[in-house]
Amino acid sequence: MAVLVLVRSPLPRLRALLQRCWGRLERGLWPGIFGGQSPPWGPALAVQGPALVPQGVGDAGAPSLPESVVWMAAPKQRRTIEVNRCRRRNPNKLIEIKRNIDVCPECGNLKQKHVLCGYCYAKVKEETRLIRMEIYKKEAGPFNAPTVETVVLYEGEKPTEKDEGKRIIERARKRPSWFVQN
């Protein structure tokens, strides 16, 4: 079941434009249907089913569904495959060749210049996790941490005069080459 619903446009210019288009449609396509007379209709919206038809279209209350319809622009012609492919494969959108690739001095893997190597980052992350576990074991929880600086000492290193009063964490392994001592 199809229902024809009349729409009142909230904007006068848009309403006038739609009425002109409707008049051209009546004159051009259906001159004999209305007998030369044009009924005072506005643009229509076809709605499927009686449940969607608003009650009291002519009421001056709150705007109904058809009155709140926004008329949107639609493309006049379909874009061809050639135009679509030219747009998608534009040289500006293609993947650029990276010229800032370098060899990591620590591990020998390829990496971008001025960026930490992914393999080395995994090693740093693992070492940081182990240091945090040592801190957790030493202080029995995150809420018992002192408010002093932490110094990590590796095998064969001894605390200096600057390390007095700081929290010292000792690791039973050789210091990694990427973890410099301050």
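**Confidence and layout**

Modeller: This is a predicted model. The chain averages a pLDDT of 77, and 71% of the residues score at least 70.
Colleague: Where in the chain is confidence lowest, and where is it highest?
Modeller: Strand 1, residues 2–6, is lowest, with a mean of 52. Helix 2, residues 81–88, is highest, at 94.
Colleague: OK. How many helices and strands does the chain have?
Modeller: Three helices and six strands. From the N terminus, the order is β-α-β-α-β-β-α-β-β.
Colleague: And how much of the chain is buried?
Modeller: Buried residues are 20% of the 182 residues.

**Helix 3**

Colleague: Let's look at helix 3. What span should it have, and what does the model show?
Modeller: Helix 3 has 22 residues, and at 1.5 Å a residue it should span 32 Å. Its end C-alpha atoms are 31 Å apart, so the two agree.
Colleague: Which of its residues are buried?
Modeller: C120, E127, I131, I135 and E139. Seen down the helix axis, the buried residues fall within an arc of 105 degrees, so they line one face of helix 3.
Colleague: What covers them?
Modeller: The cover includes strand 5 and strand 6.
Colleague: And which residues are exposed on the other side of helix 3?
Modeller: G118, K125, R132, Y136 and K137 are exposed there.
Colleague: What follows helix 3?
Modeller: A140, with a positive phi near 55 degrees.

**Core**

Colleague: Which residues make up the largest nonpolar core?
Modeller: Five residues: I131, I135, V152, Y154 and I169. In soluble globular proteins, nonpolar side chains tend to be buried together.
Colleague: What does Y154 touch, beyond its neighbours within four places in sequence?
Modeller: Y154 is in contact with E127, I131, R171, R173, K174, R175, P176 and F179.

**Salt bridges**

Colleague: Now the charges. How many salt bridges does the structure hold?
Modeller: Six. Side chains of opposite charge can pair when their charged atoms come close.
Colleague: Give me one within helix 3.
Modeller: R129 and E126 form a salt bridge, at 2.6 Å from N to O. Both lie in helix 3, three residues apart, about one turn of the helix.
Colleague: What about E127? What does it pair with?
Modeller: R171 forms a salt bridge with E127, with the closest N and O atoms 3.1 Å apart. This pair links distant parts of the chain: R171 is in the segment after strand 6, E127 is in helix 3, and they are 44 residues apart.
Colleague: Are R171 and E127 buried or exposed?
Modeller: Both are buried.
Colleague: And what does E157 meet?
Modeller: The side chain of R175, in a salt bridge of 2.6 Å, N to O. E157 is in the loop between strand 5 and strand 6, and R175 is in the segment after strand 6, so the pair ties together parts 18 residues apart in sequence.

Key:
Residues numbered from 1 in each chain as written. Predicted model: local features only at pLDDT ≥ 70, side-chain atom pairs only at ≥ 80, totals over all residues. Heavy atoms only, no water. Salt bridge = Lys/Arg side-chain N within 4 Å of Asp/Glu carboxyl O. Helix = DSSP H or I, 4+ residues; strand = E, 2+ residues; numbered from the N terminus. Buried < 20%, exposed > 50% of the residue type's maximum accessible area, 1.4 Å probe, protein only. Core = buried A, V, L, I, M, F, W, Y, C linked by side-chain atoms within 4.5 Å. Contact = heavy atoms within 4.5 Å. Expected span 1.5 Å × (residues − 1). Arc of directions from axis to C-beta. pLDDT = per-residue confidence, 0-100.
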